[in-house]
Amino acid sequence: MAERIELQKADNSIDAVIDEAREISRNQGISVADVLISKKNVSEHDFLKAMSRRFGISVKQEIPASDIKTDFTRKVSIQYLKKHKMMPLENSEEKYIAVLDPTDLQPIDDLRHILEWEEAPVILSTQVAILSAINQAYDQGGQSAEEFIQDINEESPDSIISEIEETADLLDDTSDAPLVKLVNIMLSRAVKERASDIHIEPYQNTLIVRYRIDGVLYNILNLPKKIQSSLVSRVKVMAKLNIAEKRLPQDGRIDIKIGDKSIDIRVSVIPTSFGERVVLRLLDKTGMIFKLNDLGIDEGRLVLFMDLITSPHGIILVTGPTGSGKTTTLYAALSTINNPEINIITIEDPVEYQMEGIGQIQVNPKIDLTFARGLRSIVRQDPDVILVGEIRDKETAEIAIQSSLTGHLVFSTLHTNDAASAITRIIDMEIEPFLVSSSVLAVIAQRLVRVLCPHCKEPYVPDSHSLMKIGIGAKESELPTVYRSAGCSACMNTGFRGRSAIFEMMPFSDELKKLVLGTSDSNQIRKEAVKEGMVTLVQDGARKVLDGITTIEEVFRVTRI
């Protein structure tokens, strides 16, 4: 460009460069920041430093999450703020506006007027920090269908909703662009919010969409009842289900890509009194494989776990309800021992994580590829380690046990409440007790507790009754300080962000093996395990409460059985 700015050496300061940029800004209708930074003539750091010195404005390299509110999202469009790179912020002391370019006066004045923040001062911040804060505010601020769409799409939200009409359940109806757009937004937003499930629930006068985030359901959308039929049909078409069949439950699967993420969605449709109810379970196939250190296992038991997963043969069972992180734990174990010297094969329903160097088989009941049948074939593939997604029946249990007795290390899961109950469950499948005591190396029970948001958690001293709920006994004069949830914009006002596991590890000692030969009573097995030093789920949860990781109520919620 003819007016290209050259940074002067020695005698000319950056202020002179800024003056030149302001002239170009007026002539070309672009901001001073864009002239300087986008042309790579001045670094953003130097630009902010010069602007701070010239106008006497402070610089914040990072915007505090606690200052990001969502009230303004109803009054100002996300595109306007992103275009002018400015963000209204608020804390207990003041309201202020973060900007990249303080010379862009008109938009700043307009924003003050719209929000009625006439006296709000300006601070400087980086482009990355401002745009991140804008995205965070609008992600958390949209509650209605209209706001939900406005967050992501520049098109008029009213037109999108109004164009989705109640129509017959025909395949060509689902090609309606606004409806396709609405479903796509629902899915992409769910991935962005780290949701594990989407619930589409019909009621008499409305259609509610809920996301399960960190194990808890949140209402996200209230949609018009008239679009129910078309919305369900669109999901059915994506999952290759029969859109004409509304009387029977149906299950299907959708594979989508959102950015660089490959998402596998399991779809379940059931008929209810007010129409078909849909649940979509989202599995990020490109998701990060956790390491054992990331799971929340304390150092002492981590050593025990490492000894177990490097055993030459035997069965390691992980138990817990659906969604308690069993598969994640097993994959963390596999990633730890995975190397070219051993052959690892898995059979799962579905394959939840893709891992290099491991053979993974997907169960397919339609062609009679069950856990039992697949497991029989795996044994003939000369494996060293086998992962069976779940032991559901006697046949699978028998083959898994035989495999462990013939030199294979077998990992699998069961749905039981605690570690001791897993033994009762296997014996209930008509497996001989002597086979159980010979093959099982350990049973690990686990739950997921929500982790307190680091930005807003607050300390307090609980009463002794609350502490007793999770097995902590303390005198009134010695009550410990723990933390509770508060809620801020960084955690969608839930007080929590992310989850951690609590564990109950029951290695099979000689005493436990003898006990199993004589009884399958889970209470007796549990008592013996505790006597030998087993840390229970509640005790592990109590440790995390005292460490400030989670709350008393959260541990009580997931361990109450």
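The model is predicted. The chain has 561 residues, and 50% of them count as buried. Its secondary structure comes to 21 helices and 19 strands.

**Whole chain**
- Take the contacts between residues at least 6 apart in sequence: 63% of them join residues at least 24 apart.

**The seven-stranded sheet**
- Seven strands make up an open sheet with mixed pairing. Their order is β13-β12-β14-β15-β11-β16-β19.
- The edges are β13 (359-362) and β19. Each has a single partner strand, so one side of each lacks a neighbour in the sheet.
- On average, neighbouring strands of this sheet are turned by 20° against each other, direction ignored.
- Strands of a sheet pair through backbone hydrogen bonds, either parallel or antiparallel.
- Strand β12 (residues 344-348) runs parallel to β13, and four bridges join the two. Thr 346 has Gln 360 in β13 as its bridge partner.

**Helices on the sheet**
- Helix α14 (residues 394-405) packs on the sheet. It touches β11, β14 (385-388) and β15. The direction of α14 makes about 135° with that of β11.
- Helix α11 (residues 299-309) lies across β11 (314-319), β15 (409-414), β16 and β19. It runs at about 65° to β19.

**Helix α21**
- Helix α21 spans residues 552-559. Its buried residues are Ile 552, Glu 554, Val 555, Val 558 and Thr 559.
- Seen down the axis of α21, these buried residues fall within an arc of 165°, so they line one face of the helix.
- An α-helix has 3.6 residues a turn, so residues three or four places apart point the same way.

**Ser 437**
- Ser 437 lies in helix α16 (residues 433-439).
- Ser 437 has a relative accessible area of 7%. The cut-off for buried is under 20%, so Ser 437 is buried.
- The side chain of Ser 437 reaches the backbone oxygen of Phe 434 at 3.1 Å.
- Leaving aside residues up to four places away in sequence, Ser 437 touches Phe 508, Lys 513 and Leu 517.

Note on methods. Residues numbered from 1 in each chain as written. Predicted model: local features only at pLDDT ≥ 70, side-chain atom pairs only at ≥ 80, totals over all residues. Heavy atoms only, no water. Buried < 20%, exposed > 50% of the residue type's maximum accessible area, 1.4 Å probe, protein only. Polar contact = N/O pair within 3.5 Å; in protein donor to acceptor, adjacent residues only side chain to side chain. Contact = heavy atoms within 4.5 Å. Arc of directions from axis to C-beta. Pairing = 2+ DSSP bridges. Axes fitted to C-alpha atoms, helices over the stretch in contact; angles between N-to-C directions.
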